[in-house]
Amino acid sequence: MQERGGTRLAEITCPASGGAAGTFLELVRMNLLILRRNRQILVFNVLVPLLMILIFGGLFQSHPAMVAVAGPARAVAVLRSALPAHSFTVERLSRAAARRAVADGSASVALIVPGGGTRPLRVTVVENAANVTDNGARTAVAEAAVGRLNQVLLGLPPAAVPVVATVAATGGTRSSSLASSDYIQFLTPGVLAYAVFTAGVLGAGLRTVTDRERGTLRRVRATPLPIGSFLGAQILSQLVLVAVQVVVLLGVARLVYGVGVGPDPAGLAGLTLVGALCFLAFGFLIAGFARGEQAALTIGNLFSLPQLFVAGIFFPISQSPTWLQALSSVMPLRYFSDGLRGLMAEGQSLGAVAGDLAVLAGLGLVALVLAATTFRFEPVGASR
Amino acid sequence: MAGQAAVEVGGLVKDYGPVHAVAGLDLRIATGELVAILGPNGAGKTTTLEVIEGLRRADGGTVRVLGDSPARARRRVGVQLQEGALYADLTCAETLHYFGRCYGVRVDPVPLLVMVGLEGLGDRRTERLSGGQKRRLQIALALCNNPELVILDEPTTGLDPLSRRRTWDLVRRLHQDGRTILLTTHYIEEAETLAQRVVIVDRGTVIDEGSPAALVQRLGTAVTVSLTASAAAGLDRLPAVLDAGRDGDRWRLRTDDAGGLLLALTARLGGAGLRDVRVQGPTLEDVFLARTGRRIAAVPHPDEEA
């Protein structure tokens, strides 16, 4: 031990610059350091959902979906470069052959591109009426493709969405199974919803219980730090984790399967933020009730596992028995997953999923109020 | 500001359900004092500290810390808690940085770690520290805001003898700096050698207090002389002996006049006949024993490594 150590204490500590805001950001940085170092957090919140997308996406990937195009060769070339080759093959056919291909299920969708003249291009999208569940995803793909055609061929901005006539092909003899591009469009928003959901419910909630039972919370409470700053820093660092989830999951889904984010990226960000905050509140609420880490884990799993299977993450809930649909309608995750799917796979804007958004915001507020009343600093197992 | 109280606790009551953890405890600590609260486990030591630290609200009584409420005094108080309180995934240096920020200060971790005897461990994760090292890091946390009042809850429990002595040196230096120190302990020796004033607590109340010397003197001036003397007899009939015990060659003689007794022993046996002579005055353990009929060390401590 150094001899002058005691007298140097005043020199060792000095007021930190940046004031309360500086302290807050520094606490966020330290929280992120803790998150990054904890391998479990990375595995459960990022790696497992990523594997879900890769494995389930791969499992249902029988062959690339065929897009039949009737029109000029230039249009076919543009579409070939615009649509990811591993998900789509673009075939040039006559108009009649293209319609037949959709009708017999060998093509997912047909695009009939006029030879020229109109600005923007009036492209006819032909879908198979037998595949009702997938047509939303198909339309989204088709619209994106047509937008690209207008951009490259006519120099119109991609925002100028062309008029799209959707014609149902008649005489469809078989309903082709969900092609990879369609299922992955369905799966990706669901898995993203589940990832953000568990990060809030299990991740943040469990860490709060651990901090409380180990006595870290009470040590922080013995400092003059306002508790709002402490919790705020926890919440903000959790939102950074959610941002990492979004970027990794959507990035990989796009690179590997060509999954897009839909027409309203800002709405997607907004809905994800509301969902993340809602489930974070649920996590704090569970932490308030649980007597220890083990109990929190049990409660968290009881809360989240049924939702994983019944809230329509892996398969469309609309095809399930009515009692299952009724059950899923009381599950918070259902609204998050439906909302994200509406934005990403069904080409909707935030306004169209405002109902889901409202449910999440309302549930989040209720959970927040309850969490605030049950929050505890002291270890529940404390003997003194 | 001599005479101003750093801590003023009056009639403190804290109940846990039907249990009175603290039952009308009074405590006044002057600025610049080094005070040890001594007592067995469950005596209410930790609860009393937690009320002073603002971690628990009293069920009755008044508490003033540095002339303020416990909550408002936090910025000027350094706290070492007995348990946990560390982020497993942070290093020692990062832990000091984190908690320093909680006080709104920037800490230079290297000299602070040297002060508590954790030199070279700045980059080690706290989960990989030994129990004693964790405790010393907790003590460093108590210093990271350059506090006027340092509260240490059993600072040396679980430490090896060398670390314990180094911690005592540190506490003395902090005291010499002019800081007020309040610590709890269930080690007799720690209270005797370290504290200016000892407050003996049992069952939630103060049963005696004073300097270690004064507390012991109130028990009387008798000391015990122990010695080994082969083939000796009748030592219990020497003039100064109050009473005596014998186990083979080992004698224990209680006396009011240790000097006189030693002279008489030397005269009787000669220097060569006396071995392992030890003179021991009463300890704070005897004070506690006289007051309560029980021993402090009789209550095992959960954190004890030995």
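These are my notebook entries on a predicted model with chains A and B.

**Entry: the cores**

I began with the largest nonpolar core, which has 83 residues. I looked for the members that touch the most other members, and found B:Ala36, B:Leu112, B:Ala140, B:Cys144, B:Ile151 and B:Val198. Helix α5 of chain B, residues 131–143, supplies the largest share of this core, with six residues. I then noted that another core lies apart from it, with 59 residues, including A:Leu249, A:Tyr257, A:Ala281 and A:Leu340.

**Entry: a helix in chain A**

Next I picked helix α14 of chain A, residues 354–374. I checked its length: at 1.5 Å a residue, its 21 residues should span 30 Å, and the end C-alpha atoms are 30 Å apart, so the two agree.

Which residues of α14(A) are buried? I wrote down A:Asp356, A:Leu357, A:Leu360, A:Gly364, A:Ala367 and A:Ala371. A reminder to myself: an α-helix has 3.6 residues a turn, so residues three or four places apart point the same way.

I turned to the other side of α14(A) and found A:Gly355, A:Gly362, A:Val369 and A:Thr373 exposed. What do the buried residues of α14(A) pack against? I found α10 (265–289) and α13 (332–344) of chain A.

**Entry: where the chains meet**

I looked up the contact between the chains, which takes 33 residues from chain A and 44 residues from chain B. On the side of chain A that touches chain B, the elements giving two or more residues are α1 (9–12), β1 (13–15), α2 (19–37) and α8 (216–221). Of these, α2(A) gives the most, with seven residues. I sorted the residues on this side of chain A into 15 nonpolar, 10 polar and eight charged.

I also saw that β1(A) runs antiparallel to strand β6 of chain B, residues 105–107, and that three bridges join them. Here A:Pro15 stands opposite B:Val105.

**Entry: a hairpin in chain B**

Last, I followed strands β1 (residues 5–16) and β2 (residues 19–30) of chain B, which run antiparallel and are joined by nine bridges. I found B:Asp15 opposite B:His20 in β2(B). This hairpin has two residues between the strands, and B:Gly17 takes a positive phi near 60°.

How values were computed. Residues numbered from 1 in each chain as written. Chains lettered and ligands numbered in written order. Predicted model: local features only at pLDDT ≥ 70, side-chain atom pairs only at ≥ 80, totals over all residues. Core = buried A, V, L, I, M, F, W, Y, C linked by C-beta atoms within 7 Å. Buried ≥ 20, exposed ≤ 12 C-beta atoms within 10 Å, placed from the backbone. Helix = DSSP H or I, 4+ residues; strand = E, 2+ residues; numbered from the N terminus. Expected span 1.5 Å × (residues − 1). Contact = placed C-beta atoms within 7 Å. Nonpolar A, V, L, I, M, F, W, Y, C, P; charged D, E, K, R; others polar. Pairing = 2+ DSSP bridges.
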